[in-house]
Amino acid sequence: MIKPSGNMMVVGCSTQEDVRRAIEYITERMRHLGHDTRYVEPTMTCTVCSFSVGHEIDLRKLLALFSPETVSYRPSKFPAVRIYQQTGDADEPHFTASVFRNGGVVCNGSFAHKESERVKRVVTEWLRQARA
């Protein structure tokens, strides 16, 4: 998506190299159309990772593991428990994990692509404690 300001949003890439290639391609196409564009090194602002733990999760048990400020569950609006991970530690990734009863998990937040495995380990440990 290219915004009126000229900023670009690239989604759906699996690696940072894919992001760079997409930006280079779009920049070249814009130049070809007569726009004065240049490649700018991308800034990653949000990463999404999804995985399954392979078993059902007792969402009520999961809720009990967290303080009310860090978790929400409104099954009439969204069928997953949302866990908000924000610490004061700059070395810890900040993210939201949406955990579904079937064991599916979607994490999004301000962590680098290379930290996805670390985020997955943190969430998997939480879920191990709430196995149905």
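**Helices, strands and a sheet**

Mentor: Happy to! The protein has three helices and five strands, where helices (H or I, at least four residues) and strands (E, at least two) are DSSP runs, numbered from the N terminus. This is a predicted model, in which local features need pLDDT of at least 70, side-chain atom pairs count only at pLDDT 80 or more, and totals for chains, interfaces and linings use all residues. Residues are numbered from 1 along each chain as its sequence is written, and side-chain values use heavy atoms, with hydrogens and water left out.

Trainee: What pattern does the protein follow along the sequence?

Mentor: Reading along the sequence gives α-β-α-β-β-β-β-α.

Trainee: Compact globule or more spread out?

Mentor: More spread out, because the radius of gyration is 18 Å, well over the 14 Å that the globule rule gives for 132 residues. That radius is taken over C-alpha atoms, and the rule is 2.2 Å times the number of residues to the power 0.38. Along the principal axes, the C-alpha atoms fill a box of roughly 60 × 35 × 25 Å.

Trainee: And how much of the protein counts as buried?

Mentor: Of the 132 residues, 27% do. Buried means under 20% relative accessible area, exposed means over 50%, and partly exposed is in between (1.4 Å probe, protein chains only).

Trainee: Let's go to the sheet. What order do the strands have?

Mentor: The order is S1-S5-S4-S3-S2, in an open sheet of five strands with antiparallel pairing. Two strands pair if DSSP finds at least two bridges between them. Strands of a sheet pair through backbone hydrogen bonds, either parallel or antiparallel.

Trainee: Which are the edge strands?

Mentor: S1 and S2 (71–72), since each pairs on one side only. S2 is joined to S3 (residues 80–85) by two bridges, running antiparallel. There, serine 72 stands opposite arginine 82 in S3.

Trainee: How many bridges join S4 to S5?

Mentor: Five, and the two strands run antiparallel. S4 and S5 form a hairpin with three residues between them, and glycine 103 in the turn has a positive phi of about 95°.

Trainee: I clicked on serine 98. Is serine 98 buried or exposed?

Mentor: Serine 98 counts as buried, because its relative accessibility is 11%. Its place is in S4 (residues 95–100), and its bridge partner in S5 is valine 106. Serine 98 also touches several residues beyond four places away in sequence, including Phe78, Ala80 and Gly104; contact means heavy atoms within 4.5 Å.

Trainee: New topic: helices. What about H1?

Mentor: H1 (residues 16–32) has 17 residues and reaches 24 Å from its first C-alpha to its last, close to the 24 Å expected at 1.5 Å a residue. The expected span is 1.5 Å times one less than the number of residues. Its buried residues are Val19, Ile23 and Thr27. They cover an arc of only 65° around the axis, which puts them on the same side of H1; the arc is that of the directions from the helix axis to the C-beta atoms. Tyr25 and His32, on the other side of H1, are exposed.

Trainee: What comes just after H1?

Mentor: Glycine 34, with a positive phi of about 100°.

Trainee: And H3? Which of its residues are buried?

Mentor: Ser116, Val119, Val123, Trp126 and Leu127 are the buried residues of H3. They fall within an arc of 95° seen down the axis, so they line one face of the helix. Those residues pack against S1, H2 (59–64), S3, S4 and S5. On the other side of H3, Arg121 and Arg128 are exposed.

Trainee: Last one: what does threonine 124 touch?

Mentor: Threonine 124, in H3 (residues 116–128), is in contact with Phe51 and Val53, leaving aside neighbours within four places in sequence. Threonine 124 counts as partly exposed, because its relative accessibility is 32%.
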